[in-house]
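Trainee: I would like to learn how to read a few features of a protein model, step by step. Could we take them one at a time?

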Amino acid sequence: MMEVMQAIDLRNLDKSDWLTYRFDQIAKNISERVDPNKTDLQVYIGLEHIDSKSIHIKRSGTPDDVDGQKLRFYPGDVIFGRRRAYQRKAAIATTDGFCSAHALVLRANPEIIDPQLFPFFMHSDAFMHRAVDISVGSLSPTINWGTLKHQEFLLPPKDQQATLAELLWAMDEVVEKDLTSLDKLSLTLDSDIENRTHGVTLKGLTIQQVIDKLSEIQEIGTLSQFGKIFKGKGITKSEVVDTGLPCVRYGELYTRHHKLIRKFYSFITNESATNSIRLKKNDVLFAGSGETIVEIGKSAAFTSDEEVYAGSDILIFRPNDMDGIYLGYLFNSQLVRQQLNKYGTGATVMHIYASDIEKIKIPIIKKEEQIKIGQHLESIANNIAILKNKISVSKSLQKSLINQIF
């Protein structure tokens, strides 16, 4: 890739011999119709199967998932989400199938653009911004082919396109390899959370089956045996300021804090802090309410000595002598999550109470072993964070390269 980049000065591309083409000269709109109930095709691609800002399709559905007329696609075609174009969904089909009628099936004209370069052109700001500009409708802005086909774009000469495509595919390969590694690391972390924190296989089990499995843990106790549980005190929205003492609000436990509290997003004044609860190292915070079963009881451990406060609708478990990092992972294991789900009550808004949390059963493990488990899981989590940062940098470079070209 470096050799290609050195051969092309992207910052000073000479575009004096580039030509402008209408979009219907660049690509053909494939409008072949398919009835899902009368086809032998097995692969369905809806817009929900296409990731934003990615040229790859990694999920799919089947004919049984849908009704109504759809669009046929062939390997190499680009499926472009014409509805809500600001989501930037355009990906390459790698098999035969059919897709949502809310997409356009586009096939590069090899006389004008190298099919290997076409998907990256589709993700350029030049194309995507134009797509958004010509969309019509307020609730679900949509692109009409009749308008898109007349749009004009500047393209490099054919004799330069293969080299440019090689560069962009090399960059894409770097990103995809790292994404694969990230998936593997994430699966390893999820698996080790279960295996190391309690050692019981719970994948795919119902709440009652998880409860029944608790008997397989040799030494077990209820949370009330290991510390005390109490509720945070009110921090209203009006008390939150731009700078001040950090605090944690209950909604942040299921939107921002995952397993461990690593960063703060809300702050209060010294005056407001006097009416709140100051956290201690190794405290575990639970969301006392939420709109779904997934949100209820979401938790994160506080593992520093900073002066930080907790607001209302947060339930705090203050352990007598346990490792906070270990607890942060344990309380996000299926063993604990399924028990918490059992206690969630309510219709529009669900609640869980201190009296429920104190009934949660956890393994009895020596603190020295807790520390070792926490360190192991944190080492994986740190590697995940490093890899995520690398992917973010690579994606930014990839986007920059695309927009320098187009």
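Trainee: Does glutamine 42 count as buried or exposed?

Mentor: This is a predicted model, in which local features need pLDDT of at least 70 and side-chain atom pairs count only at pLDDT 80 or more, while totals for chains, interfaces and linings use all residues. Residues are numbered from 1 along each chain as its sequence is written, and side-chain values use heavy atoms, with hydrogens and water left out. Buried means under 20% relative accessible area, exposed means over 50%, and partly exposed is in between, with a 1.4 Å probe and protein chains only. Glutamine 42 has a relative accessibility of 57%, so it counts as exposed.

Trainee: Where does glutamine 42 lie, and which residues does it touch?

Mentor: Helices (DSSP runs of H or I, at least four residues) and strands (runs of E, at least two) are numbered from the N terminus. Glutamine 42 is found in the loop between strand 3 (33–34) and strand 4 (44–45). A contact means heavy atoms within 4.5 Å, and, leaving aside residues up to four places away in sequence, glutamine 42 touches Gly61, Thr62 and Pro63. Its side chain also reaches the backbone oxygen of aspartate 40 at 3.1 Å.

Trainee: What should I look for in a phi angle?

Mentor: Most residues other than glycine have a negative phi. Against that background, arginine 84 has a positive phi, near 55°, and asparagine 282 has one of about 85°.

Trainee: Where do these two residues lie, and how accessible are they?

Mentor: Arginine 84 is in the loop between strand 6 (78–81) and strand 7 (90–92), and with a relative accessible area of 29% it is partly exposed. Asparagine 282 belongs to the loop between strand 16 (277–278) and strand 17 (284–287), and at 16% it is buried.

Trainee: Which residues of helix 4 are buried, and why do they line one face?

Mentor: In helix 4, residues 125–133, the buried residues are Phe127, Met128 and Ala131. They line one face because, seen down the helix axis, they fall within an arc of 90°, where the arc is that of the directions from the axis to the C-beta atoms. These buried residues pack against several elements, including helix 2 (23–26), helix 3 (118–122) and strand 10 (152–155).

Trainee: How many helices and strands does the protein chain have?

Mentor: The chain has 12 helices and 23 strands, and 48% of its 406 residues count as buried.

Technical notes
A polar contact is a pair of N or O atoms within 3.5 Å; within protein, one must be able to donate a hydrogen and the other to accept it, and residues adjacent in sequence count only if both atoms are side-chain atoms.
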